[in-house]
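Here is a short briefing on a structure. Keep the sequence and the 3D view open while you read.

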Number of protein chains: 2
Amino acid sequence: MARTYGGVAPEQRRADRRERLLTAGLELFTSTGFRHTKITEVCARAGVSTRNFYEEFTGKEDVLRTLHDRINSLALDHVTAELDKVAGADAMTRIATLLDVFIATVTADPRMPRLTYVEAVGVSAELEAQHQVWVDRWANFIAAEASRAAEHGVAPVRDYRLTAIALVGAGTGLLREWQAHDPPLPVEEVGGELRALMLAAIMRPEKILEMPGNPGAPSGVEEASRAGVRGEPGEREGPVPAADAGTGP
Amino acid sequence: MARTYGGVAPEQRRADRRERLLTAGLELFTSTGFRHTKITEVCARAGVSTRNFYEEFTGKEDVLRTLHDRINSLALDHVTAELDKVAGADAMTRIATLLDVFIATVTADPRMPRLTYVEAVGVSAELEAQHQVWVDRWANFIAAEASRAAEHGVAPVRDYRLTAIALVGAGTGLLREWQAHDPPLPVEEVGGELRALMLAAIMRPEKILEMPGNPGAPSGVEEASRAGVRGEPGEREGPVPAADAGTGP
DNA sequence: ACCCTTTGGTAATTGAGATTTTCACAAAGT
DNA sequence: ACTTTGTGAAAATCTCAATTACCAAAGGGT
């Protein structure tokens, strides 16, 4: 077993087929939609027989999971590489870079956000779990940068976990809108908006409502919104002054 | 035709069946998942025969679409009603109310965000279109409140359309995380976070990066992020002073 | 009380698509 | 040249769920 065929090694041929299947999957899942693409169609477009398909993947979902993982990895790699380059920069620049590179990577091909944030949603428990893993990774990433900013005094010292999760949610949500919107939303504006959102979220003082002159909660909000009015219950590391966001480190 | 049966009119019986089918659909779609729930299961749980099912709906997707619409309508109704109550309040209170009521409504039953932001995603072109319609409605709503805040001088005067879309995306994304997260995220914190995000996004000055002391873009960002660095290209209505977000109207 | 309409459940049909298998061919090795 | 084995196309099977058809029963009008 394992003969070199057609001039190329068998593993190479195998890898080629796999690659072609993934490419075809990306294309069809994002145009026809995952639900409505048939395995035979993927095979046809890839120029691969169904027999070989099942040699590489266990089914349609396997292809989708692989693509989902790849796209996230690609983005994370890009971001990590770029952040290494600006290792010494100030915290805010790093955060802006993180976001710009992320946006630039995933909007380079609209099929990426389409697959990741639309087609791969609600497909199976495994995929939801995989999504969750990636959300956690990204959130940790963001929270780490925010904490770094706090150390440098350009952001308040607090727990950024939830803010980070919210920002990941904002990113996925906004990109979902971006790839679906008609007329198309300009990438630069979307990137700018998300970046501004991120910076504002991280630099904001702890109690934003108290800032102007409002005593606390809105007036007549019935049973619905009794909760969610105060800032945070326990587990904060103490009252921190609002950290003069302005003068650098 | 049209006899009164079991004491109730035929339209009533019909409506009851429809209602039971919707309830069963909500339950099963959010537990088993839309993909994996069979029509017969919905019928069984609802105590309705398949025959009657097809009398009410054209198929599984029809049920899903109806539920999606209902949930959004419910939330919008709640928000509208509550905003009417605080018609005279200051702009920031109104925005906070809008958000609190929305969050309170959709988190009252975790199946709602699960259905709307997970199960109903990527199912069909029609559903994506329906999602888009709702995004637009919500975005208009938010943009209107933001503009109102601008008129009152508590936020800069600018175009809030994209910010509003981003905030809708943030809400959907965050709620998706909320309903999926393990260990569960406390509702109050999620609500507080989203509200802070919203207020920060609306009150933020126009050029957030220039604020500290950074000249502009981050340093060595290669081909990936050439775009999205500058603030906004054209179509702004003129240089607006950063609107003293602090002193009330 | 009888007939007759409407209803609900069950069972059969159909159809689509995924997975497996077969078969013929081509390319290496010898 | 001949055997061996990887490969691709297509046919066969197989599963499973949507849809339809049919029958039994229940409630109401007269």
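Helices here are DSSP runs of H or I with at least four residues, strands are runs of E with at least two, and both are numbered from the N terminus. By that count, chain A has 9 helices and 0 strands. Note that this is a predicted model.

**Chain A overall**
- Along the sequence, chain A reads α-α-α-α-α-α-α-α-α.
- Chain A has 249 residues, and 41% of them are buried.
- Among contacts in chain A with a separation of 6 or more, 69% join residues 24 or more positions apart.

**Helix H1 of chain A**
- H1(A) covers residues 10–31.
- Its 22 residues should span 32 Å at 1.5 Å a residue, and the end C-alpha atoms of H1(A) are 32 Å apart, so the two values agree.
- The buried residues of H1(A) include A:Leu21, A:Ala24, A:Gly25 and A:Leu26. A:Leu28, A:Phe29 and A:Thr30 in H1(A) are buried too.
- The cover over these buried residues includes H2 (39–46), H3 (50–56), H4 (60–85) and H6 (111–119) of chain A.
- Just after H1(A) comes A:Gly33, with a positive phi of about 95 degrees.

**Helix H5 of chain B**
- H5(B) runs over residues 91–107.
- At 1.5 Å a residue, its 17 residues should span 24 Å; the end C-alpha atoms of H5(B) are 24 Å apart, which agrees.
- H5(B) is mostly covered, with 16 of its 17 residues buried.

**H8 against H9 within chain A**
- Two packed helices are described by the angle and the distance between their axes.
- The axes of H8(A), residues 161–180, and H9(A), residues 187–203, come within 11 Å and cross at roughly 165 degrees. An angle over 145 degrees counts as roughly antiparallel, so H8(A) is roughly antiparallel to H9(A).
- The crossing of H8(A) and H9(A) is right-handed.
- On the H8(A) side, the contact uses A:Thr163, A:Leu167, A:Ala170, A:Gly171, A:Leu174 and A:Trp178. On the H9(A) side, they meet A:Val190, A:Leu194, A:Leu197, A:Met198, A:Ala201 and A:Ile202.
- By class, the contact of H8(A) with H9(A) has 10 nonpolar residues, 2 polar and no charged.

**Cis peptide bonds**
- In chain A, the bond from A:Asp182 to A:Pro183 is cis, with omega near 0 degrees. A:Pro183 is in the loop between H8 and H9 of chain A.
- In chain B, the bond from B:Asp182 to B:Pro183 is cis, with omega near 0 degrees. B:Pro183 is in the loop between H8 (161–180) and H9 (187–203) of chain B.

**Where chain A meets chain B**
- The axes of H9(A) and H8(B) come within 10 Å and cross at roughly 65 degrees. H9(A) and H8(B) are therefore roughly perpendicular.
- H9(A) passes H8(B) in a right-handed crossing.
- A:Glu189, A:Glu193, A:Leu194 and A:Leu197 of H9(A) meet B:Leu162, B:Thr163 and B:Ala166 of H8(B).
- The contact of H9(A) with H8(B) holds 4 nonpolar, 1 polar and 2 charged residues.

**B:Leu162 in detail**
- B:Leu162 lies in H8 of chain B.
- B:Leu162 counts as buried because it has 22 C-beta neighbours inside 10 Å.
- Setting aside neighbours within four places in sequence, B:Leu162 is in contact with A:Leu185, A:Glu189 and A:Glu193.
- B:Leu162 and B:Ala143 are 19 residues apart in sequence and 8.6 Å apart in space, C-alpha to C-alpha.

Notes:
Residues are numbered from 1 along each chain as its sequence is written. Chains are lettered from A and ligands numbered from 1 in the order in which they are written. This is a predicted model: local features need pLDDT of at least 70, side-chain atom pairs count only at pLDDT 80 or more; totals for chains, interfaces and linings use all residues. The expected span of a helix is 1.5 Å times one less than its number of residues. A residue is buried if 20 or more other C-beta atoms lie within 10 Å of its own, exposed if 12 or fewer, and partly exposed in between; C-beta atoms are placed from the backbone. Axes are lines fitted to C-alpha atoms, for helices over the stretch in contact, and angles run from 0 to 180 degrees between N-to-C directions. Angles under 35 degrees count as roughly parallel, over 145 as roughly antiparallel, 65 to 115 as roughly perpendicular and the rest as oblique. A crossing is left-handed if the near helix is turned anticlockwise from the far one by less than a right angle, and right-handed if clockwise. Two residues are in contact if their C-beta atoms, placed from the backbone, lie within 7 Å. Ala, Val, Leu, Ile, Met, Phe, Trp, Tyr, Cys and Pro count as nonpolar, Asp, Glu, Lys and Arg as charged, and the others, Gly among them, as polar.
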